[in-house]
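Biologist: Can you walk me through this model? I'd like the confidence, the core and the aromatic rings.

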Amino acid sequence: MTTGIDRTRWTTPAILAARLIFTLVFIMAVSFKLIDINATATYIASAGFPLPRLLAWLAALLELALIAGFLTGAYFSETALLAAAYVLFLGFAFHGPSHWAANQTEIGFFVDHFTFVAGLLFAAAHGPGHVLAMQRGWITRQ
């Protein structure tokens with residue numbers, strides 16, 4: 001008799017679900033940007049960044065690239081690491097300690113970014129799984 005959890009039945013669906021969740025989060029983010037890029041630029045400007053319209057478009061392009069990486073599984077670990085760095089930056093820039101005095105709910109938004117970063121780091125370490133993931137590099141036949 002073995003003890004512990006038998007992962008053979010649920011690992012693949014769990015990995016695919018996680019990739020889909022990451023994808024959906026960034027689809028929502030880029031959708032809001034594209035629906036009203038001016039509102040996004042205004043929000044970026046309110047945080048004190050220069051060239052807010054350009055930064056809004058660059059953020060949308062980055063998020064589209066992240067979506068492609070999560071959906072295809074190609075460069076998945078690199079995509080997850082880039083997404084983690086981006087989400088960490090967003091957490092500090094838009095919800096960090098400088099925002100807490102004016103609105104204490106920002107602390108919750110800040111912490112939420114760290115939980116998302118933790119999931120992205122875990123995904124980067126373990127990869128996209130073996131199902132519905134593009135393979136990189138040369139394929140050799142034996």
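Modeller: Here is a short tour of those topics, with backbone angles at the end.

Modeller: This is a predicted model, so to speak of local features we need pLDDT of at least 70, and side-chain atom pairs count only at pLDDT 80 or more, while totals for chains, interfaces and linings use all residues. Residues are numbered from 1 along each chain as its sequence is written, and side-chain values use heavy atoms, with hydrogens and water left out.

Biologist: What does the protein average in pLDDT?

Modeller: The average is 90, and 93% of the residues score at least 70. pLDDT is the predictor's confidence in each residue, from 0 to 100.

Biologist: Where is the pLDDT below 50?

Modeller: Over residues 138-142. Beyond near neighbours in sequence, that stretch has zero contacts in the model (contact means heavy atoms within 4.5 Å). Where pLDDT is low, the predicted coordinates should not be read in detail.

Biologist: Core next. Which residues touch the most other members of the largest nonpolar core?

Modeller: Phe26, Phe70 and Leu120, in a core of 26 residues. A nonpolar core is a set of buried Ala, Val, Leu, Ile, Met, Phe, Trp, Tyr and Cys residues joined through side-chain atoms within 4.5 Å. Buried means under 20% relative accessible area, exposed over 50%, partly exposed in between (1.4 Å probe, protein chains only).

Biologist: Which helix gives this core its largest share?

Modeller: α4, with nine residues. Helices here are DSSP runs (H or I, at least four residues), numbered from the N terminus.

Biologist: And what does Leu120 touch?

Modeller: Leaving out residues up to four places away in sequence, Leu120 touches Phe22, Phe70, Ala80, Ala83, Ala84 and Val87.

Biologist: How many aromatic pairs are there?

Modeller: The structure holds 12. Rings of Phe, Tyr and Trp (its six-membered ring) pair if their centres lie within 6.5 Å; planes under 30 degrees apart count as stacked, over 60 as edge-to-face and the rest as tilted.

Biologist: Why is the Phe22 and Phe70 pair called tilted?

Modeller: Because the planes are at 40 degrees, with the ring centres 5.2 Å apart. Phe22 sits in α1 and Phe70 in α3, 48 residues apart. Both are buried.

Biologist: What about Phe110 and Phe114?

Modeller: Edge-to-face, because their planes are at 65 degrees; the centres are 5.0 Å apart. Phe110 is buried at 9%, whereas Phe114 is partly exposed at 35%.

Biologist: Last topic. What is phi of Leu51?

Modeller: Near 50 degrees, a positive value in a residue other than glycine. Leu51 lies in the loop between α2 and α3.

Terms used: Helices (H or I, at least four residues) and strands (E, at least two) are DSSP runs, numbered from the N terminus.
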